[in-house]
Amino acid sequence: MARSRLKKKTIGDIIFESINTIIMLILVFLTLYPMYYVVCASFSNNVELLANPGVIWYPRGFSLNAYRLAFRHPLVLSGYRNILIIMAVSLPINIVMTLFCGYFLASKNVFFKKPILAFIMFTMFFSGGMIPTYLNVRSLGLYDSLWALILPGAMSVYNSIICKTAIEALPDSLAESAYMDGANDLVIIFRIVFPLIMPTIAVLLLYYGVGHWNSWFPASLYIKDNYKLPIQNIMRAVLIANSNILNATATTETDKIDQFAEIIKYAVIVISTVPVLCIYPFLQKYFIKGIMIGAIKG
Amino acid sequence: MAKRVLSILLVLSLFVFVLAGCSTSKTTTDEGTDSTTDTQTDTPTDTDDEETEGFAFTGYPMDAKDVKLTWWVGHGFTLHESYASYEESPFHSGLSEHVGVDIEWQFPTAGTDGAQAFNLMLASDTLPDIFYWNVMRDAERYIDEGVIRDLTEYMPKYSPAYYKFIQSNEIYDKSMKTDSGKYYGYGFFREDGGWNDTYQGPVVRQDWLDELGLESPETISDWDNVLRAFNEKYGAVLTFPWYRFKSTGISGAFGAYGAIDFQLYIDDNGKVQLAQAQEEWKNYMAKLNEWWKTGLLDQDVMTTDDDIARTKALNGVVGLSYTSMGQLTNWISDANSAGTGAKWVGLQYPKGDDGTLSMVFGGYGIGEGISVITTSCPDEKLEIAMRVLDYAYTDEGHLYWNFGTKGVTWDYDENGEVAYTELVTEDPDGLNNAIAKYSGSVWSGSCIQATKLLYLKNSEESIKANDLWFYPNEEVTAKWKLTNGITLTVEESNELDDLVSAISTYVSEKAVNYITGEESFDGFNDYVAQLDKMGLQRVLEIYQGAYDRFMAR
Amino acid sequence: MIKESSITTKRINHYSLTQTLSRDFKINKYKYLIILPIIVYLILFAYKPMYGIIIAFMDYRPHLGIANSKWVGLRHFKTFFNDVYFWRLLRNTVSISGLNILFGFPAPIILALLLNEIQSSWFKRTVQTITYMPYFISLVVVCSLVKIYCQSNGIFSQIAVALGGNAQNFLMNTKYFYPIYVISDIWKNVGWNSIIYLAALSSIDQEQYEAAKIDGAGRFRQMFHITLPGLLPTIMVLFILRMGGLLNVGYEKILLLYSEVTYEVADVISTYVYRKGILNAAFSYSTAVGLFNSVVNVFFLVLTNTISKKTTEMHLF
């Protein structure tokens, strides 16, 4: 937001800016410290850490045992593989459906638009509830298949409204001239609309991606084979339900002395989070641009 | 205006379309499932027809590898934590080999609650052939609803070993059938009777007691003193795996019969009562509250599980605790290998200052879980399924369920006793884990748990601890207990569903709030009145009836 | 955009209905074609489960199926309204959601405003990059961190002791549940949610600021008189959407954080539905409770939309 200002700053401005900078620095610290803590803890010595798990600035003792043990378990790897499969299959479906829906809702002079809009919006606030939804997924034969984690969330109405807003912001003349050239709507969507709202698409990708990344509940309902669980459920088993699925992978005599269940938690957090945090700065520029253009205007 | 009317019409027609869509897709899926089940049942029938006619049981392993049984297990002999699927698990894949039937095992996934998995399985009406879960109380209803099969007429023929076993003891036989005399499942029994039903109790750091010149605490006042002394000297607090303590804990010392979990008991007059509605229970909670307030009770105790308690024990932040034989074995071996000098020993259950000890955690040696055959198991497979289940109660199967394969995981030593081979004793995951990998009876299963297994699995000190928890108190370990074997009628079972779930949440919530002091004891009478309002009297009445019927069986 | 013909509402009236329809289908056939998969999807995954809601009016027994289970009318609703927990569930749901809106909704707006005031562009970009980060940390991880920090020997206790308080497990104290819930939510989402406002800020006409400056308006006055009004449309739309979900508290998060000790403040309708329906197998009852939840949601949505339409002329439908 390079806003051209008059050169002179008043004292008020300076005070304001200093306070603002301090607030931002505090915010940055509060955001980073918990992550830093986890990294330190994961390299710590188990016994020393548990004796005193309060504020830490550097690893207590140093040990790589947590990582050694966490990587050994097959479920960590299969969990990773599953979430990657889910993302790879879901995201294209998500985007195409959202784009279609957004395009339709943004179009004018379609006779059935209003009822269809109502039909779509209604689902945003009214749902069948937990048990009927579960029964539905089973009756569709999706049980114990990754499809059960992909299809029910194939499109979010909320996101398609974002998409609609982005499309509405494009000038009408674009489509009109395309029609003149004999293009149909499908051509317009993929040739004209899609490239133009690319930044919004990037944002939607992130919304959907993060949604898949956060969700653990459906897998706990629909999956019965451990090897089909996504990584979040493995993390939940280790981190929250305190199931020591990773614990038994200790293999040497010294491993047996220490109880690693607690410290493995930190290693699992690092292992599961670092890749995402590594990818994200590369995507950042797209989604910032995207939201700039796609900002909801109502 | 016209347009408005039109769009309303359109919305309506869309709904009709939707409903039509539903019903058509419903029918198609129904047909779909029907046809698949048909084919599923048909194919085995074809092969089975010859087979059933030709199938004559000649011993294990049976020659029935082409028969596939699905077996869902909700707790007890679920997958050991180091395996992700049953194919990897030596106990589960081994059982298939030993009985000669292809068993497809199903378990709740990692981190998933057993009850959740069970209810979802029922909700969707896709049943395995066999499942193991706590269904004894509701057996009549499940038979009536067509979920599980009544096995009465087949029992002597297809499960001779099991039938013979339950006939050998009146209480076994009584517990394994319904009020109307139906046999329907294969339960869990402890060879020792009740000894291992008292598998948990108080433990203490003997070295600290010695250092401070204290006697082993016997009464609640002694506990007070020891806790305070440990706290002052070592900064230690009272902590324990919460889920172990929740059922009854040390309620006996207060004349109470339960701790946090909804707990029914039989009073001295043979009447069914709710532990948490008694004045004695209030005193128990008041004591825990006092310990909580003074910081003697660990503030994290409610989130403490076996692992956390074990780490705390190793780190010397706990001196008096409540845990199980198996965990005590772990604590001792941790202390030895880390060289902390901690000396954990079992401790007698505390008594009230006037010598009160109303009850001790325990039972009749019959578990809550039971393996039942569902209606999904077709007649052709019934005999084979029953033979598979019967295996655990044969001499050979009994050894397999407890110790694994002879010559692989164990063999007889010179005294003719079972002794583990190096495969188990030298297992890198440690003896406890190793035993659990090869055994189906460590916690519970549809089998008879061998006492020998417990002696092999636990340290000498733990066995001594259990002796201390059980023998002096034998009289009060089981007689207060509403036995697992009671059954409810279909109507009772339906009625209780709603009542009990509401009351039990209410009770355990109040209990923790009494302990943390969120809830004042002044309101105890209101709390009891609220229980009555929620239908407690009706619950007691139903259970009383069921109990009386059980006694009359 | 996407204007094909120039039929106006007025002209529709000149055609008969069938003419209008056939013309519409002819012109817009591709549009209907692309919306078809969405309609099919919604029918299969949103409307079909709604059909399952009828089990709320039955005593549903899985083995009997919907066709053979007994009808019980409104019994489950009556039971729920008389449930000891009814008011508590409603109160907690509205409280958690309300507090989350009260604090969680303005937080990204404030952050956006403050970020907007930063002069140095690299500092601004760094702050942005860092504050967006938690959004990409899985919910399970965030909750397990909360659990670790809340232990009686964890960070929060250490800070409390340093400030003269007591060491305690903060998750075991009903007083702290809401702050923990709301703050962790803000921590995870504030940066990300601010993006949308930053975007809207960029579309505010810069000349307004210049004009304000010339009039001698300070930074604060500019913020209140130009920036905030400029954000208002975005704020309102997001607010309406948020209000529609007033009774939709994210149960995935509460399930990860609550315990019996904190049910008093933390148990919400959706977690109750989960416990009743899935842990206690009261399928019909929990479906009835869920239905109630949905109906109230729709009510709030319509209410907020109407109010907003009247007062700010911003509305969704």
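In what order do the strands of the open sheet of chain B run? The order is β2-β1-β3-β11-β4-β14, six strands with mixed pairing. This is a predicted model: local features need pLDDT of at least 70, side-chain atom pairs count only at pLDDT 80 or more, and totals for chains, interfaces and linings use all residues. Residues are numbered from 1 along each chain as its sequence is written, while chains are lettered from A and ligands numbered from 1 in the order in which they are written.

**Sheet of chain B**

- Helices (H or I, at least four residues) and strands (E, at least two) are DSSP runs, numbered from the N terminus.
- Two strands pair if DSSP finds at least two bridges between them.
- β2 (101-106) and β14 (448-449) of chain B stand at the edges, each with a single partner strand, so one side of each has no neighbour in the sheet.
- β1 (residues 64-73) and β3 (residues 130-133) of chain B pair in the parallel sense over three bridges.
- B:W71 has B:I130 in β3(B) as its bridge partner.

**Chain C as a whole**

- Chain C holds 17 helices and two strands.
- Its radius of gyration (over C-alpha atoms) is 25 Å, well over the 20 Å that the globule rule gives for 317 residues, so chain C is more spread out than a compact globule.
- The globule rule is 2.2 Å times the number of residues to the power 0.38.
- Along the principal axes, the C-alpha atoms of chain C fill a box of roughly 70 × 60 × 30 Å.
- Of the 317 residues of chain C, 47% count as buried (20 or more other C-beta atoms within 10 Å of the residue's own, with C-beta atoms placed from the backbone).

**Domains of chain C**

- Domain 1 spans 9-71 and domain 2 spans 80-311, with bounds from an automatic or database domain assignment.
- Their centres, taken over C-alpha atoms, are 34 Å apart.
- Six residues of domain 1 and five residues of domain 2 form the contact (C-beta atoms, placed from the backbone, within 7 Å).

**Interfaces of chain C**

- With chain A, 90 residues of chain C are in contact with 90 residues of chain A.
- Helix α3 (residues 29-51) of chain C gives the most to the side of chain C that touches chain A, with 14 residues.
- With chain B, the contact takes 32 residues from chain B and 27 residues from chain C.
- α21(B) supplies the largest share of the side of chain B that touches chain C, nine residues.

Note on methods. Contact = placed C-beta atoms within 7 Å. Buried ≥ 20, exposed ≤ 12 C-beta atoms within 10 Å, placed from the backbone.
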